[in-house]
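Here are my notes on the model you sent over. Have a look at the structure first, then go through the points in order.

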Amino acid sequence: MKRILAAVVLMLAFHPALSEDVTLSKPEGNVILSVEGAISHTNSGDNQMLFDRAMLEQLGMHVLETVTPWNDGVQRYEGPLMRDLLAAVGAKGQEVVVTALNDYSAPVPISDYYTDDVILAIKENGSYMRVRDKGPLFIVYPFDSNPQLNNELTYSRAVWQVKSILVR
């Protein structure tokens with residue numbers, strides 16, 4: 001019994017998903033997101049975690065139906081929870097800086113992603129988001145379920161056309 005227990009402990013200690021310096025699979029499709037900074041899991045020689053759409057979908061797709069200040073009526077968004085993305089990269093910071101394709105950037109306390117079910121939307125109303133429609137990625141807060149989120153600060157953190165995230 002002691003040998004079995006020792007073997008299990010050794011397997012867990014050296015299991016790649018549990019290691020501090022994990023190198024994860026590389027994207028096979030077009031890279032649509034890079035995450036860098038205070039992270040412990042990477043898949044790039046540049047100490048980054050690069051994601052294609054399929055990799056983001058593998059984090060688990062969640063549905064959020066909400067009204068945003070930028071659309072008429074309730075929209076249906078699908079994508080991974082931001083806290084799941086941060087867990088996947090082994091984020092070790094207090095804040096992220098989210099940057100869009102046009103270089104707009106917004107600092108966001110990581111606590112935002114644990115207080116509310118904020119998603120990194122990949123789909124809107126069942127279709128993959130295109131750049132011309134706020135895609136390929138859009139950080140969406142649950143504005144309808146938490147009215148306290150309806151303010152200019154939160155709106156500034158709901159970045160669309162997301163290209164990168166810096167964890168610090």
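**Notes on the predicted model**

1. The strands involved are strand 7, which covers residues 95-100, and strand 8; they run antiparallel and are joined by 5 bridges. As a reminder, strands in a sheet pair through backbone hydrogen bonds, in either a parallel or an antiparallel way.

2. Stepping back to the whole chain, you'll find 5 helices and 13 strands. Of its 168 residues, 45% count as buried. The accessible surface is about 9200 Å², with 52% of that belonging to carbon and sulfur atoms.

3. What about contacts along the sequence? If you take the contacts between residues at least 6 apart, 57% of them join residues at least 24 apart.

4. A word on confidence, as this is a predicted model. The average pLDDT for the chain is 88, and 86% of the residues score at least 70. Residues 1-22 are the part to watch: the pLDDT there is below 50, though the stretch has 12 contacts in the model beyond near neighbours in sequence. Where pLDDT is low, predicted coordinates should not be read in detail.

Definitions and conventions
Residues are numbered from 1 along each chain as its sequence is written. This is a predicted model: local features need pLDDT of at least 70, side-chain atom pairs count only at pLDDT 80 or more; totals for chains, interfaces and linings use all residues. Side-chain values use heavy atoms; hydrogens and water are left out. Two strands pair if DSSP finds at least two bridges between them. Helices (H or I, at least four residues) and strands (E, at least two) are DSSP runs, numbered from the N terminus. Buried means under 20% relative accessible area, exposed over 50%, partly exposed in between (1.4 Å probe, protein chains only). Contact means heavy atoms within 4.5 Å. Accessible areas come from the Shrake-Rupley method with a 1.4 Å probe; for residues, only the protein chains shown count as cover. pLDDT is the predictor's confidence in each residue, from 0 to 100.
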